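Trainee: Could you walk me through a structure and show me how to read its features? I would like the general idea each time, and then the case at hand.

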Amino acid sequence: MRSRKDYSISFYTGGVNVDRWSELSEEEKTSALSKPWKIIWWYRNPLTGKMVRQKDVKKGVNLLKTMHERMKFMRDYRRAMKETFDEGYTPDMYINTNDGEYQTMDTRKAFALALEIKKELVGDTTYKGIKLDADNFLKFLRRENRDRHDIKLISRKIVSDYLDHVLKRTSAVSRNRARKNLSSLFTVLSNKFLIETNFIKTDIPKVKSQRKSDPRFTWKEMQKLSAEMEKQVPYLKLYSKVACYMFMRSIEVARLRVGDIDLKNREIYFDQKTKHGKRKAIPAILIDELSSYIGNSPEESVLFTPYAKPDIWNVSDVDKRGYHGKMLTKVKRAVGISDSRGFHAMRHFYITETYLELRNKGFNESRTVEELSKITGHDSDAIHTYIHVNDIEKPEDWSELITKKL
């Protein structure tokens, strides 16, 4: 920890002593508030040992109308500066711009810049998740009057306190997701030289969360859903088949267009969660049904729409997924299923069944994982994790290994 003697922080409050504010006349108060209040600070140059006055800090304090609001803002800002300095930060580590001035930006503007850049790099769904966590973090900072602070003053402790706040209100999974999303923004800020390093990635670890089994439907439930979809919304049954037989996520199916389907070469082109422009083989079991359903529809048509046929549907991919999820919910309720399982659970039913079928064909676990990874698009580590979490791989009877019997 650094000694407090390395820096000095004071306030300019319009030329008056705010401790005697109640003794001032209204004219004196008005005059003081009309002047630019600011934080004045010095830092000891580590090379010369001399205290050097740094650039005054205002950061919007003069937008506040009352003495109490301004003092709270400046005291909070001073506290953040002290925390940052005590963690090892020094002004000499700032990145110099071409004109010799140190590059600074308040947290709100820095996050807006990082989000603008991130929007060009990730899909809509991923971006919305990152933006949601960024907005929640800024709300947390706003309650602390820190959202106007220089982004360099957002310390490890501040971020750690926020993640603890998320953990207490939600879960370890949500806390780790917030950490991941904020870290992705801090990486952008580091690359833009607005902060020194992404300390979230290096210094704030994930917390352990209790792993839960991926929920699956039973075969009996799947049969009920299939029959009810045929009765209520036949095209939703084909939507489900594409998700299940091709092991695609619901949003991947929802965004498909007719032009993405190449029936002649039995291939489909789509954007995956982490990869764009993916190509995947269409199993023979789907070819005839897809061909009949598509007919002569224009290539720009969305494959699955509320019109029960390929058509133009100008809504976001998330809204497309949401619509079909709601349709599945209606079907579930009709057959007496009221829980939250959706297309994800249907897809995992078929992942499990395909794994077991490969094992029944005599493949060992390693070969089964290798083949299944090719089919589903998961990497082998993800398949291994899924198998063990859901106890798919059942051991043979081990009775003969118990030689010391009670």
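This is a predicted model: local features need pLDDT of at least 70, side-chain atom pairs count only at pLDDT 80 or more; totals for chains, interfaces and linings use all residues.

Trainee: Where does Trp 42 sit, and which residues is Trp 42 in contact with, leaving aside its neighbours within four places in sequence?

Mentor: Trp 42 belongs to strand 2, which covers residues 38-44. Its contacts beyond those sequence neighbours include Asp 6, Tyr 7, Ser 8 and Ser 10, and also Met 51, Val 52, Arg 53 and Gln 54. As for Asp 56, this residue is 14 residues from Trp 42 along the chain, and their C-alpha atoms are 9.4 Å apart.

Trainee: Now the aromatic rings. How many aromatic pairs are there?

Mentor: The count is 15 aromatic pairs. To classify one, take the angle between the ring planes: over 60 degrees counts as edge-to-face. The planes of Tyr 245 and Tyr 350 stand at 70 degrees, with ring centres 5.6 Å apart, so this pair is edge-to-face. The two residues are 105 apart in the chain, with Tyr 245 in helix 9 (residues 234-245) and Tyr 350 in helix 13 (residues 343-360), so the pair links distant parts of the chain. Tyr 245 itself is partly exposed, at 24% relative accessible area.

Trainee: Which residues form an aromatic cluster?

Mentor: One cluster is made of Phe 111, Phe 137, Phe 140, Tyr 162, Phe 186 and Phe 199. Rings can also have a charge over them: the charged end of Arg 70 lies over the ring of Trp 37, 5.2 Å from its centre. In another case, Arg 367 has its charged end over the ring of Phe 363, at 4.3 Å from the centre.

Trainee: What else does Arg 367 do: with which residue does Arg 367 form a salt bridge?

Mentor: Its partner is Glu 371, with the closest N and O atoms 3.3 Å apart. Both residues are in helix 14 (residues 365-376), and their spacing of 4 residues is about one turn of the helix. Arg 367 is partly exposed at 38% relative accessibility, while Glu 371 counts as buried at 19%.

Trainee: Last one: in the open sheet of 3 strands, what is the strand order?

Mentor: In general, sheet strands pair through backbone hydrogen bonds, in a parallel or antiparallel way. Here the order is 4-5-6, with antiparallel pairing. Strand 4 (261-262) and strand 6 (278-281) are at the edges, each with a single partner, so one side of each has no neighbour in the sheet. Strand 4 pairs with strand 5 (residues 267-270) over 2 bridges, and Ile 261 has Ile 268 in strand 5 as its bridge partner.

Technical notes:
Residues are numbered from 1 along each chain as its sequence is written. Side-chain values use heavy atoms; hydrogens and water are left out. Rings of Phe, Tyr and Trp (its six-membered ring) pair if their centres lie within 6.5 Å; planes under 30 degrees apart count as stacked, over 60 as edge-to-face and the rest as tilted. Buried means under 20% relative accessible area, exposed over 50%, partly exposed in between (1.4 Å probe, protein chains only). A charge sits over a ring if NZ of Lys or CZ of Arg is within 6 Å of the ring centre and within 35 degrees of the ring normal. Two strands pair if DSSP finds at least two bridges between them. A salt bridge is a side-chain nitrogen of Lys or Arg within 4 Å of a carboxyl oxygen of Asp or Glu. Contact means heavy atoms within 4.5 Å.
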